[in-house]
Amino acid sequence: MPDAFETAAYRSGGDDATGGDDAAEVSDAAKEDDAISAGAEVDAQMTIDEHQMELGVYLSWLKSELETEKSCLELPSTIALLISFSCLALLHLKQHEVFTVEAALKTQVEQNANFAFSENFGHKNIFNVANIADFWSWFRIGFLPLIVQPSWIYSEGLQQSYDALNSSWAFSVASLPQQWHLPELGSGSEPLPIQGTFLNFNRIIGGVRLQQERAQLGYELCKIPGGIPADLWKAWLGKPCMPADPGYELTPQPGDVEAFGNPERVEWMMTSRETLQDMARRALDMEDGCSAYSRQPGGDACLCRTCSWDDAGTARTPWLDEQTQRVEIAMVSYNPEYGFISLFTANFFFNRGGHIHKFLHVQSAQVDFLAGPLFNVIAMVFCAVTWICLLGHIQVVEMMEFVTTIRASKSAWYMAIWEKYLNLWNLVDWISIAYAYLLAALFLMLFSSTGGVNNMLEGLVQTETSSIDISQHRVMTEDFFGLVEDLLSWESWYRTVFAVYPMVVMLRLFKSFDAQLRLSVVTRTLLGAGVDMMHFGIVFGSVYFCMVVNGVLLFGQDMEEFTTMLRSMVTCFRAMFGDWDLVSMSKVGRELSSLWFWIFVFVLVVLLLNMLLAILMDSYTQAKARAAGAKTLFEQIRELFRRKREHLKKKRVQLNYIWDSFYAEFRDEDAMLSSTRLITAQYLQEKVIGLPLSQAKRTMNNADENMRKEEDPYSVIMMKKELSALNNRARLVQETLKEISSMCSRCRPGELLQWLTTMATFSKEEGDSKAIVSGLRRAVGEMRESFGQKFDKGARSFEERQAELEVQQSDVIENIRDSHQALLQIRQQSDSMMKALQERRAVRSFGCGECRAPGRTPQPLGLDAGSPARSKAAPAFRLPPRHTAEVSTTAPQPSASPFANGTLQSNGHAPER
């Protein structure tokens with residue numbers, strides 16, 4: 001710029017010079033300036049005629065196309081990932097077989113372990129256990145005979161049936177075989193039923209374990225009103241308090257069952273070594289604390305090993321008492337038909353309100369992951385390999401993108417990751433990868449635990465078939481139960497993580513959907529309504545929380561569904577969608593429950609939920625409108641195939657090759673996307689080796705169309721943006737001109753002549769002065785050309801938009817003019833028809849001899865006798881074409897019409913065409 005300013009000062013003082021050489025130089029400079037101006041005008045005209053755009057705009061479109069293409073290509077792999085994982089999970093976990101085994105065990109104990117018999121019918125089951133006596137009745141009469149079948153069971157009333165059919169000779173059911181040896185089972189099989197077999201196909205391993213949780217004792221644990229003497233209330237209570245921890249106030253859940261506290265008073269009943277009578281006697285000793293056998297002279301030893309002694313140390317106490325807060329009865333069984341090992345538990349929770357909660361729970365795990373039909377095993381292995389390969393591909397792609405982002409950035413690596421790499425979809429990819437590693441780790445833990453259980457099972461089976469001491473067998477059974485519980489704990493975690501993984505894959509599907517406008521309607525609807533939903537959520541959450549608290553306070557004492565905040569939240573959420581229990585809610589009073597229900601339904605359901613739907617529908621309408629003109633999925637797939645096919649035929653280059661060509665020059669993505677360099681199709685063809693001119697033009701047109709779609713050129717925001725940019729440019733030019741003017745005003749003619757003389761002397765000593773002057777003139781010309789291009793570009797943009805507006809306005813005016821002419825013709829024809837009707841009426845009124853003459857046919861309406869169209873139909877009316885001459889008419893014109901002689905009058909003149 002200093003050279004330009006000096007040159008400007010030189011030119012401003014050139015007219016004051018008296019030397020002939022200086023005047024000639026000034027004249028030459030003026031001619032050269034005119035030539036430069038003419039060249040700039042020619043270049044500007046060429047720029048207008050040739051399609052140009054900024055390189056940053058073009059590369060931004062190119063980047064979006066590459067990301068869209070990448071996401072679309074990820075859609076098939078994501079669907080394949082979901083399908084392979086789904087098949088793997090179904091074939092691997094075998095949920096239908098697990099349900100078969102667990103439902104059979106649970107149903108058998110729930111329905112057939114009965115007590116309170118009347119002849120052959122037991123009136124109570126496990127859910128009728130209400131106290132300690134009921135517990136022992138159920139365990140000894142219902143449960144033990146059910147799991148231990150020492151003999152073959154015959155049908156009910158068999159003796160009476162034999163007596164009715166064979167009255168001639170006596171027959172006793174006791175004489176029937178107690179065991180059967182079926183020849184179909186082979187010579188090596190044992191007689192049926194086999195001891196320790198449950199439900200014919202489940203073999204009990206080891207035996208049955210009974211253990212309990214016990215509460216702490218202490219008078220200090222009692223909650224007594226203040227002011228009462230301690231001795232008084234201790235004497236009145238008669239026993240210390242024993243609060244349960246946890247309290248088990250509400251119906252337990254599977255998580256409560258699977259977690260057991262400190263086990264105490266553990267007892268074992270070895271089903272493979274003990275008979276039903278031995279186990280029944282052990283149950284009796286546990287119930288009465290060995291009182292019955294201890295009073296008999298020479299009685300057997302007490303079989304309850306964990307029953308405590310009384311204070312005197314002379315007698316044992318019952319195994320189950322008031323201090324007990326939970327009892328668990330557990331047995332492990334193995335089903336060889338399906339290859340599952342199952343842990344069955346019957347749980348009794350004694351809360352301090354006096355109620356006993358009952359809960360039956362079964363957990364199962366496989367002992368061999370490759371067991372089953374060969375076809376299923378091959379399919380499972382294939383799905384596993386496919387799933388692992390797809391996950392590996394995702395990880396490789398993400399690692400490459402990660403490294404590329406760090407290398408391409410000039411900032412620190414952590415800033416590059418934070419600013420350019422971290423986004424929602426990349427986080428989804430890494431979550432899916434991390435989740436896959438978590439699944440692999442859990443599988444390894446499960447596989448290792450399964451191996452330990454299988455090894456222990458082999459040793460335990462050997463002890464059951466050998467003559468090992470029962471105490472050693474009990475120790476091995478205890479260790480085996482511990483391994484099985486660890487195995488089932490890992491299996492529960494493994495299955496839970498498996499169940500969550502499809503949701504992670506669903507997020508990857510939304511990532512692929514986001515690249516296609518018609519598939520991204522859901523995500524764009526949620527994003528568009530995000531701000532409104534956030535504010536609405538504050539209102540909705542506040543109202544919902546108030547109703548939840550109100551439900552706890554109002555119904556918590558009478559309905560378990562409202563006893564806690566979490567349960568009340570779930571119950572209220574279900575009530576919003578029509579799942580409510582008005583009968584139970586009416587227990588607190590029909591008036592109060594009805595009032596709460598009306599307020600809840602009206603406020604939450606009628607008002608707030610419908611407002612939420614309105615917010616979503618409004619955003620959905622906008623997202624749907626934006627996607628209306630977008631390509632369909634099939635068109636996008638066809639476009640990708642076209643690009644691939646043309647690339648193979650060497651008719652085009654890949655888009656990432658174009659990107660790499662510019663990246664090799666810039667080495668900075670931000671600089672590429674913000675570049676204002678003007679490019680043409682010929683420039684692209686020269687820059688990118690092998691790029692056809694047709695592809696260069698097509699990509700530039702696509703980039704231009706994309707820019708126009710994203711930014712409406714006629715919107716208020718865009719007009720403000722362009723006017724602001726133009727205002728900034730004008731302000732910059734004004735400041736520059738003021739600076740040049742101030743510099744010129746500070747230069748005096750004498751000083752300027754002396755400066756020019758010095759410059760000429762210096763140029764004579766160093767070289768030709770004309771070369772220096774021409775260089776200065778060239779610099780000024782380049783500066784003027786740069787300013788001219790910028791102004792031409794802005795002016796050309798506004799001229800193009802003004803031209804488009806004028807064309808649209810002209811089209812509207814021409815359409816209005818054509819409509820006006822059509823109306824004029826319609827009116828002319830209507831006048832003609834009215835005139836014909838009047839003539840016909842006149843003929844009828846006064847009579848027409850020619851029309852009434854014999855043999856003459858009356859003429860059609862509106863035609864006289866001499867009309868050439870006498871025997872033809874009237875011609876159909878047609879609208880006049882555009883740009884036709886005005887149709888004249890004698891009908892008077894309306895005074896309020898904006899037309900005069902077919903021409904639109906607007907402010908006294910017609911717009912330019």
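**Figure 1. Aromatic cluster in the predicted model.** Phe85, Phe369, Trp387, Tyr435, Phe443, Phe447, Tyr494, Phe498 and Tyr501 form one aromatic cluster. Rings of Phe, Tyr and Trp (its six-membered ring) pair if their centres lie within 6.5 Å; planes under 30 degrees apart count as stacked, over 60 as edge-to-face and the rest as tilted. This is a predicted model, in which local features need pLDDT of at least 70 and side-chain atom pairs count only at pLDDT 80 or more, while totals for chains, interfaces and linings use all residues. Residues are numbered from 1 along each chain as its sequence is written, and side-chain values use heavy atoms, with hydrogens and water left out.

**Figure 2. Aromatic pairs of Phe135.** The structure holds 33 aromatic pairs. In one of them, the ring centres of Phe135 and Trp136 are 5.1 Å apart and the planes stand at 70°, so this pair is edge-to-face. Phe135 also pairs with Phe139, and these two rings are stacked, with 6.4 Å centre to centre and 10° between the planes. Phe135 and Phe139 are 4 residues apart in helix H5 (residues 132-147), which means a separation of about one helical turn. Helices (H or I, at least four residues) and strands (E, at least two) are DSSP runs, numbered from the N terminus. Phe135 and Trp136 are buried, and Phe139 is buried as well. Buried means under 20% relative accessible area, exposed over 50%, and partly exposed in between (1.4 Å probe, protein chains only).

**Figure 3. Hairpin of strands E2 and E3.** Strand E2 (residues 115-118) and strand E3 (residues 121-124) run antiparallel and are joined by 3 bridges; two strands pair if DSSP finds at least two bridges between them. Phe117 stands opposite Gly122 in E3. The hairpin has 2 residues between the strands, and Glu119 takes a positive phi near 60°.

**Figure 4. Largest nonpolar core.** This core has 43 residues, and those with the most contacts inside it are Ile341, Trp387, Phe480 and Tyr501. A nonpolar core is a set of buried Ala, Val, Leu, Ile, Met, Phe, Trp, Tyr and Cys residues joined through side-chain atoms within 4.5 Å. Two or more residues each come from helix H3 (55-93), strand E7 (324-335), strand E8 (340-350), helix H11 (374-408), helix H13 (424-464) and helix H14 (470-514). H14 gives the largest share, 11 residues. Leaving aside neighbours within four places in sequence, Phe480 is in contact (heavy atoms within 4.5 Å) with Ile205, Val332, Ile341, Val453, Met456, Leu457 and Leu460. A second, separate core of 42 residues includes Ala113, Ile126, Phe143 and Leu210.

**Figure 5. Salt bridge between Lys511 and Glu74.** A search of the whole structure finds 28 salt bridges, each a side-chain nitrogen of Lys or Arg within 4 Å of a carboxyl oxygen of Asp or Glu. The side chains of Lys511 and Glu74 meet at 3.3 Å, N to O. This pair links distant parts of the chain, with Lys511 in helix H14 and Glu74 in helix H3, 437 residues apart. Lys511 is buried at a relative accessible area of 8%, and Glu74 counts as buried at 11%.

Figure 6. Glu639 and Arg643 form a salt bridge (3.4 Å, N to O). In the salt bridge of Glu646 with Arg642, the closest N and O atoms are 3.0 Å apart. Salt bridges that share partners join Glu65, Glu69, Glu639, Arg642, Arg643, Glu646, Arg652 and Arg698 into one network.
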